[in-house]
Amino acid sequence: MNQAAQSSPVKQAKKTLRFKVILIVVLATIFPCLLGLIIPLTALLYILAAAASAILAVVLVLWILQPLDTFIKSAQIFSNGNLNHRISLHSNDEFEDVGNSFNLMTDKLSKIIQQLENDQATAISEKNKFDEILSSIIDGIIALDFNKNIVFLNKASEELTGLRESDVLGKSVDQAIHLFSDQEEILVKTYCQESFNQTARLIGKDGRQVKVKLTTTQVGSAVQTNLNCILIIHDLSQEEELEQMKLDFVSMASHELKTPLTSIVGYLSVFLDENKGKVPAENLDLLNKAFVAAKQLQTLIQNLLNVNKIEKEQLSVSPQPTDYLPILTKAVEDLKSQATQKNIVLSTLPPTETLPKVITDPIRINEVITNLVSNAINYTNPNGKIEVFVKVSPNDITTTVSDNGIGIPPEAIPHLFSKFFRVSNKLQQASKGTGLGLYISKSIIEKLHGKIWVESEPGKGSRFSFTLPIVTLSTAVSENNKFVSGAIQSGTLNY
């Protein structure tokens, strides 16, 4: 019904325009003849009548076609950006129909253009918001396309590298920054892959260097956006500076405490030796407890100083050919009184063969043995048993401290030699140490070119073992006072 109502005016309009054109043509043709029938015309008058008729026809046609000018002007106005402009025609012919179609078309175009402008404004707003978020991130973020060219660089990256986004956009990342692991450069084909996570030295503009942690990830399904790889660069310089400040503070505090505490321990030791029979037993017991507490505090301070030296790679050892068995035996004998107080049997099993000399530092290795045996005593229940024994292999001697104590949970074993790591639950409650002993022991053993490890099962005890190189195969070791391992674990444990 509506369609019929809408279509009939169109047909009517089309017929109207055609009728007007046909009528003008017919009138222009027959006008001279009709005039000749009414008035006798000479040849000259007939020509003049025909000319007048033609002129009138042209005028009428131009009048009928006048809406074309309106169409042309309206199209120009619309194309210049006036989306609200519309044509108003009431000619009751095809021109009115075309005008209405033009208005419908401009309505649709206006809506589409307005929607596009709204979408563009929304996209710009989201982009600005995203840029603000990325700019506020303290880590550097660099985005690369499939050709490994830089397509994005946030402010943190600019500060780290000394570069500006406008200077490096579209350029290869290898031309902008260089990343090194020790002395070897890390190429983009290496780090621009899944799950890359490594500490590196970044060299940016004008040779600017900074230690960073580089994490990269590949962007999935980003062919249309031409986005392939994202680099996240975390600046480690401030963390290193803070860590250095902590080490300096610990070193200063420990040195300041060491001197007066040494005096306290010395005075107490002399007083106890000279007044054992003169002081009442009750007072003597209090003095002994004070002396033991002072010694424990002295050990803690010494451990803190050792950790500070390890962190700065300044812990020194003096490797030399050494007869190892007397050192091991004496270290164990010195701790037997401590084991006896807990009713623990502590023994050194005799070796099955003559021990060759080893390359070691007698003082430092005594610290290691004392720490391992003390730990075994602390974490073995009364009426327990601790055995210390050695085994000779072609290249080294292995020392093992075995106990039937409370053991170590499997999840804690990988972290045992980490600084200040504490085993949770029962072990943590029973802990009496500083959390530094095993870290220091590992550092000493590694510096002596040995290895240290642990085997344990909760409720069945633990076996701590370490190796020392024998003299016949390791004479050159005494001339080399460097760590074999590429890096010492930062951290330790008193398990």
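Q: Which residues does Thr400 touch, not counting residues up to four places away in sequence?
A: Thr400 touches Glu387, Val388, Phe389, Arg463, Phe464 and Ser465, leaving out residues up to four places away in sequence. Contact here means heavy atoms within 4.5 Å.

Q: Before we go on, what kind of model is this?
A: This is a predicted model, where local features need pLDDT of at least 70 and side-chain atom pairs count only at pLDDT 80 or more, while totals for chains, interfaces and linings use all residues. Residues are numbered from 1 along each chain as its sequence is written, and side-chain values use heavy atoms, with hydrogens and water left out.

Q: OK, back to Thr400. Which strand is Thr400 in?
A: Thr400 lies in strand E12, residues 396-403. Strands (E, at least two residues) and helices (H or I, at least four) are DSSP runs, numbered from the N terminus.

Q: Is Thr400 buried or exposed?
A: Thr400 counts as buried because its relative accessibility is 5%. Buried means under 20% relative accessible area, exposed over 50%, and partly exposed in between (1.4 Å probe, protein chains only).

Q: Switching to helices: at what angle do H11 and H13 pack?
A: H11 (residues 324-334) and H13 (residues 362-378) pack at about 40 degrees, with axes 10 Å apart. That makes H11 oblique to H13. Axes are lines fitted to C-alpha atoms, for helices over the stretch in contact, and angles run from 0 to 180 degrees between N-to-C directions. Under 35 degrees counts as roughly parallel, over 145 as roughly antiparallel, 65 to 115 as roughly perpendicular, and the rest as oblique.

Q: Which residues meet there?
A: Tyr324, Ile327, Leu328 and Ala331 in H11 meet Pro362, Ile365, Asn366, Ile369 and Thr370 in H13.

Q: And how do H10 and H15 cross?
A: The axes of H10 (residues 281-311) and H15 (residues 437-447) cross at roughly 45 degrees and come within 10 Å. That makes H10 oblique to H15. On the H10 side the contact uses Asn303, Asn306, Val307, Ile310 and Glu311, and on the H15 side Tyr439, Ile440 and Ser443.

Q: How many residues of H15 are buried?
A: Eleven of its eleven residues are buried, so H15 is mostly covered.

Q: What covers the buried residues of H15?
A: The cover includes H10, H13, strand E13 (452-457) and strand E14 (461-469).
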